[in-house]
Amino acid sequence: MACFSAPLLFCVTRSKPQLIVPSTATPHEHKPLSDIDDQRSIRVHVPILMFYRNSVERRGEDPAMAIKEGLAKALVFYYPLAGRIFEGENGKLIVNCNGKGVLFVEAKANVKLEQLGHKSIQPPCPYLKQLLNTLPGSNGIIDCPLLLIQVTRFSCGGFALGIRLNHTMMDGQGLIQFVNAVSELAQGASVPSTLPIWERDLLVARPTPTITCEHNEFNDFDPSKTTRWLDFEKVLLTRKFINVQKLASDPCVFFSKHILHSLLVKRSFTFGSRELQAIKDQCPSSTTFEALSACLWKCRTIALRPDPNSKMLLTIAVNIRERLQDPKLPIGYYGNAIVSAATVTTAKLLCSNPISYAAKLIREAKNKVNDDYVKSVTDLMVTRGRPMGTILRNFLITDISRFGFDEVDFGWGKPVCGGSYGVVYGVGFLLPHKGMEDTKGKLVALALPPIIMGKFQNELKKMTRAQK
């Protein structure tokens with residue numbers, strides 16, 4: 001039992017974890033992942049939460065039992081998810097489809113869903129660890145369960161569905177396809193409405209790998225070439241929080257792993273129709289994603305106060321399901337079908353220009369993602385040992401607001417809210433946000449040092465103020 005009291009006494013009692021296996025026999029075989037799947041940047045576990053209110057029509061029924069039964073049936077169609085990953089030659093990830101199953105935990109909370117408050121069930125959720133408990137020995141990429149699912153019932157009859165996903169197996173859209181299959185099969189369907197397609201060989205390097213495009217997101221920009229540290233880095237140095245020699249030898253790795261995550265505050269920001277329109281008015285030719293991303297990038301950079309000559313990156317995750325023409329990805333493909341594309345400029349140009357400047361750079365980066373670009377990325381992964389993306393002075397934005405995390409219905413109605421709940425430095429997930437009278441908003445949660453977070457908020461207020 002884990003008990004916490006911020007802001008209320010919230011206790012969760014968990015049952016013993018179970019391994020849910022496919023409900024009928026499935027093939028035992030080895031399936032290599034694609035060269036997009038096994039890049040090092042996504043060899044991570046991603047936490048997902050969805051919150052559901054009580055349903056009068058389903059009173060007395062157990063959502064955990066319904067989801068568990070639907071899960072076992074869905075794993076027949078998605079049987080690789082019940083397997084385990086091992087690493088083959090040259091770091092290639094391969095799924096051993098052995099049917100060992102996915103982890104499932106039933107839990108009960110001592111409070112009503114409403115008691116948590118709407119703000120607390122949005123990212124960054126203070127109750128994430130209670131609603132999605134990490135089991136010892138289960139959170140590796142190699143030879144570990146590929147999914148962990150926890151269903152937590154609240155005293156009011158509502159529940160939270162927590163999912164921890166091994167990102168190498170599928171992206172957000174692939175996960176929603178799988179969760180929808182669980183929902184459909186839990187409610188009596190015999191087959192999912194969208195049949196899963198594996199075909200990871202569609203996204204592998206060419207026989208003679210050739211990097212034909214520029215990929216700034218995998219280039220390391222040397223911070224020693226600029227004349228001034230970021231302000232918060234200087235504060236850390238003067239307070240002797242870190243070993244200067246170790247920082248100088250590998251600043252990207254050191255800051256990302258040892259310093260930033262322990263000195264950050266996490267906050268979410270919501271953008272209703274009014275705020276989004278105020279931002280779009282500043283760059284009328286841009287999409288909402290381009291305008292909002294440009295706004296966040298500029299405000300964040302102003303708050304960080306880097307050297308004016310520093311190179312600043314914005315990396316976006318581009319869904320290639322409809323972009324790729326040769327080869328076309330079939331409907332039902334649930335692997336990672338996203339590639340990163342980065343734009344780069346100096347801090348001075350980014351901060352001194354209107355956000356239409358940044359929006360144009362983002363649009364150009366996005367439009368470069370074509371067949372040749374995707375082939376170049378897959379070839380880069382093989383020829384350069386599947387490198388990590390650049391961390392320092394990079395801001396990654398990915399839009400998952402249209403995937404349907406707030407639409408999945410297991411028979412208890414649609415979620416109050418849902419999406420990815422991982423909030424880390426340098427990354428922003430755009431999620432759907434439904435206000436009292438506004439159902440088309442966006443939410444983004446960020447992690448920044450406290451003083452910088454305050455500066456960011458001030459800049460954001462200026463930027464979202466309606467133009468007169």
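This is a predicted model: local features need pLDDT of at least 70, side-chain atom pairs count only at pLDDT 80 or more; totals for chains, interfaces and linings use all residues.

Biologist: What share of the contacts join residues at least 24 apart in sequence?

Modeller: That's 79%, taken among contacts between residues at least 6 apart in sequence.

Biologist: Let's talk cores. How many residues does the largest nonpolar core have?

Modeller: It has 58 residues. F271, L296, I320, V339 and F456 are the ones with the most contacts inside that core.

Biologist: Which helix gives the most to this core?

Modeller: That's α9, with 10 residues.

Biologist: You listed F456. What is F456 in contact with, leaving aside its neighbours within four places in sequence?

Modeller: F456 touches F269, L296, C299, R300, A303, L446 and L448.

Biologist: What other core lies apart from the largest one?

Modeller: A core of 50 residues lies apart from it, and L75, C97, F104 and L185 are among its members.

Biologist: Left-handed or right-handed crossing?

Modeller: α9 passes α11 in a right-handed crossing.

Biologist: Which residues make the contact?

Modeller: From α9 you have F289, E290, A291, S293, A294, C295, W297 and K298. From α11 there are I355, A358, A359, L361, I362, R363 and K366. By class, the contact of α9 with α11 has 10 nonpolar, one polar and four charged residues.

Biologist: What about α1 and α4, at what angle do they pack?

Modeller: Helix α1 (residues 63-77) and helix α4 (residues 172-186) pack at about 115°, and their axes are 7 Å apart. The crossing of α1 and α4 is right-handed.

Biologist: And who meets whom there?

Modeller: On the α1 side it's A66, I67, G70, L71, K73, A74, L75 and F77. They meet F178, A181, V182, L185 and A186 in α4. By class, that contact of α1 with α4 has 11 nonpolar, one polar and one charged residues.

Biologist: Switching topic: which peptide bonds are cis?

Modeller: The bond from P123 to P124 is cis, with omega near -5°. P124 is in the loop between α2 (113-116) and α3 (128-131). The bond from D326 to P327 is cis too, with omega near 5°. P327's place is in the loop between β12 (311-319) and β13 (338-346).

Biologist: Which residues have a positive phi without being glycine?

Modeller: E199 is one of them, with phi near 40°. R386 is another, at about 50°.

Biologist: Where do those sit, and are they buried or exposed?

Modeller: E199 is in the loop between α4 and α5 (231-238). At 36% relative accessibility, E199 counts as partly exposed. R386 is in the loop between α12 and β14. R386 is buried, since its relative accessible area is 6% and buried means under 20%.

Biologist: What about M388, where does that lie?

Modeller: M388 lies in the loop between α12 (371-383) and β14 (394-399), and at 45% relative accessibility it counts as partly exposed. Setting aside neighbours within four places in sequence, M388 is in contact with R40, S41 and F218. M388 and N219 are 169 residues apart in sequence, but 9.5 Å apart in space, C-alpha to C-alpha.

Biologist: Last one: where is T13, and how far is T13 from A107?

Modeller: T13 lies in strand β2 (residues 9-14).

Technical notes:
Residues are numbered from 1 along each chain as its sequence is written. Side-chain values use heavy atoms; hydrogens and water are left out. A crossing is left-handed if the near helix is turned anticlockwise from the far one by less than a right angle, and right-handed if clockwise. Helices (H or I, at least four residues) and strands (E, at least two) are DSSP runs, numbered from the N terminus. Contact means heavy atoms within 4.5 Å. Ala, Val, Leu, Ile, Met, Phe, Trp, Tyr, Cys and Pro count as nonpolar, Asp, Glu, Lys and Arg as charged, and the others, Gly among them, as polar. A nonpolar core is a set of buried Ala, Val, Leu, Ile, Met, Phe, Trp, Tyr and Cys residues joined through side-chain atoms within 4.5 Å. Buried means under 20% relative accessible area, exposed over 50%, partly exposed in between (1.4 Å probe, protein chains only). Axes are lines fitted to C-alpha atoms, for helices over the stretch in contact, and angles run from 0 to 180 degrees between N-to-C directions.
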